[in-house]
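Hi,

Here is the structure I promised to pass on. Have a look, and my notes follow below.

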Amino acid sequence: MASGYNPQQIEEKWQRRWAEDKLYRVTEDSTRPKWYALTMFPYTSGDLHIGHWYAVVPADVHARFKRMRGYNVLHPMGFDAFGLPAENAAIKRGIHPFTWTMQNVDNMRRQLRSIGAIYDWSREVITCLPEYYQWTQWFFLKLYQAGLAYRDKAPVNWCANCQTVLANEQVVNGFCERCGTLVTRRDLAQWFFRITKYAEELRQHDGIDWPERIKIMQRNWVGKSQGAEIAFALDHPGVGEKEIRVFTTRPDTVFGVTFMVLAPEHPLVAELTASERLAEVEDYIERSRRRTDIERLATEREKEGVFIGAYVTNPLNGEKVPIWIGDYVLMSYGTGAVMGVPAHDERDFIFAKKYKLPIPVVIAPSDWQGGELEAAYTEPGVMVNSGRFNGLPSEAGIDAVCEYLEEKGWGKRAVSYRLRDWLISRQRYWGAPIPIVYCEKCGIVPVPEADLPVLLPENAEFKPTGESPLKYCPEFVNTTCPQCAAPARRETDTMDTFMCSSWYFLRYASPHYQAGPFAPDKLDYWLPVDLYTGGAEHAVMHLFYARFFVKALRDMGLVGFGEPFQRLFNQGVIIVERQKMSKSRGNVINPDAYVSELGADAVRAYLMFVAPWEQGGEWDDSGLSGISRWLNRLWHLVLAEYSPGEAAGAEAERALARITHQTIRKVTGDLERLRFNVMVSALMELTNYLAKVKEAGSVNKESWVGAIKTLLLLLAPAAPHLTEELWQRLGYAYSIHNQPWPEWDETLAQDEEVTLVVQVNGKLRDRLTVPVSITEAEAKELAQGSQRVRAHLEGKTVIKEIYVPGKLLNIVVK
């Protein structure tokens, strides 16, 4: 009699044994194909909820499957450990960010161990440790040396009362969340990565298997536009600039320009504004500073602006064009200036109507009679009121105008990208310090590589000012110049935490290597990542930055590949009460209680069974008990004594072999395609079938033992603890997870009977169970012998018969 199934005891036992035996320790092995499977590492928030498990468990199951298939599998885990929440916790709880973070790491590591995953914990990466962020800083220096890191001014949220920079989340309805002061925007010198250099390459996804929606999101984020850059002449006393350049995708409409709009922060605004317009312009600029870029670009918001009292000249028709400022134009996009063509742009049309500006038609619709337009006409048409280009179709006019601009030296064909350079500066403590020193004599000086890491000071004070504590830590700020040894000061900004996650997958190849960020030979063995799994919400941040990072490293000769992740799979989201889980909503489901009650294997199996992995769904723990009952039945089925009965025979043996080999084929295919829910269903069906076989005693002992062995091997990736225990109790060699994956025999998996669908004039009339080997003639004879079919053939003439072997017979009559 089998003893009872005690998952808690079994799971603790095997997790301890696997750790002691280093069962999942991974080393390079040239005799086996490698498989680098990576799940996006979690942020150290404190607790893993069931949504985290939904991300990591199926990924672990697939990695285990590949391991049993003969691959040398690297499936590591680590922690994204820098970030603002830790700093906020330091302020709120009076605890140092490092202490708070590492306590969370300990707890999350405990939770991850309880899953029973195949993580090689000797490869763990924690981004807030100096042994990691030393190389984050090293990469910054490499990007700086390559001209890809630079310092420039960028707008930030500023509270005049607190005298501090505010993060976006600290601005509530335009006001400082702490003191209620109206927040403005001001320029601050910050550090950028020149990601725009790779704009075109980042639009391409050749040679990688990624979801189409992610590729579309990234292409849209880059936002490529083709058109022309046109120079409008500027003749203004005391102004050195002689032109203002604009980019347009519609050079065919340039004869219809009746105004130009500059971004309020455009450097020429102060020089060009007429004295009588100054007060109104300055007031508008001040109001613009209170709005975020998202608010300024909002499509539902009415566009507004102010005339500054200056003009440029349209080079193609010589007309004076008034210059306005409008906050819907951003200095960070394009040239910071746009031309207004109200007859052929909806936004410009509304703007011109509001401010009573001319709206000349230069692209005529087919039915245009020369009158005013009631709305902007944005479709193709014929060029009119366009000088030498009159009568030309507008599509052809784009090229013709570009050629003329280039011929005259007034402009050129150009490509513009929506993508902006990556601003990496954060006015925070809990991040990797930017390894830069400022010297009055030498200017900007990079910290020598030999002096890395630039360590975060442990004695920083955390105050609710919104500014980095580093700024007020003299031991950190005050240093000497690496070049001239004169007194100097350190950069007090830290790096965006996306910098840490842009290369962590490289560190897993050799996490304790001290001569560089990675050992080149180990990197060459493991990289690129074969399968990367995680949420689609990272499409245009983490995934985008990681691609830029690898391409930059490739061009520096540091890596030999240009894409970090060969295949990307986005799992769905587990929601609660139709909302994504979050602590602020109070709907977080902690898996610990379920593991304590039913065991990790039950939770693992249920998470795979609950929904297709790519879809996710509503959390409902009522189904967990069903999974638990299945595992209990399986436990007793495997351990119970089997005795062949009198009914045992060749037909039952063939049926068992067929269902077993069909299940191997199905589960293998499902796991390859990451279809975990139907994989679990197939294993349940095999369990149920074996229970009937046992009850009837219909096969011999050898066949029974073989089928049970196969069931355990197929279940091993999903329920690693249960199967390891049963494997040992059956007397097999340790460990089941070192066994090869079962292979199926296509001949044995073939059905002996199939269902033949019979139609008359395309309508279903009968389903017949027939031998697999049935011939066409036999199929027609059986069909015509069916009473259901004959009823629709009587009195009619058969025109033709369409036969799909073993599947369908369609009889066409009249």
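A disulfide here is a pair of cysteine sulfur atoms within 2.5 Å. By that rule, a search of the whole structure turns up zero disulfides. Cys159 is in none, and the nearest cysteine sulfur, that of Cys179, lies 3.5 Å away. For Cys500, the closest cysteine sulfur is in Cys128 at 9.1 Å, too far for a bond.

Before you read on: this is a predicted model, where local features need pLDDT of at least 70, side-chain atom pairs count only at pLDDT 80 or more, and totals for chains, interfaces and linings use all residues. Residues are numbered from 1 along each chain as its sequence is written, and side-chain values use heavy atoms, with hydrogens and water left out.

Buried means under 20% relative accessible area (exposed is over 50%, partly exposed in between; 1.4 Å probe, protein chains only). Cys159 counts as buried because its relative accessibility is 0%, and Cys500 is buried at 1%.

Ile811 is buried too, at 0%. It sits in strand β34 (residues 808-813); strands are DSSP runs of E, at least two residues, and helices are runs of H or I, at least four, numbered from the N terminus. Leaving out residues up to four places away in sequence, Ile811 touches Gln759, Val760, Asn761, Val789, Leu793, Val798, Lys800 and Glu801, contact being heavy atoms within 4.5 Å.

Then there's helix α20 (residues 624-639). Its buried residues include Trp630 and Trp635, and the buried set packs against helices including α1 (7-21) and α22 (676-696).

Cheers

Methods:
The expected span of a helix is 1.5 Å times one less than its number of residues.
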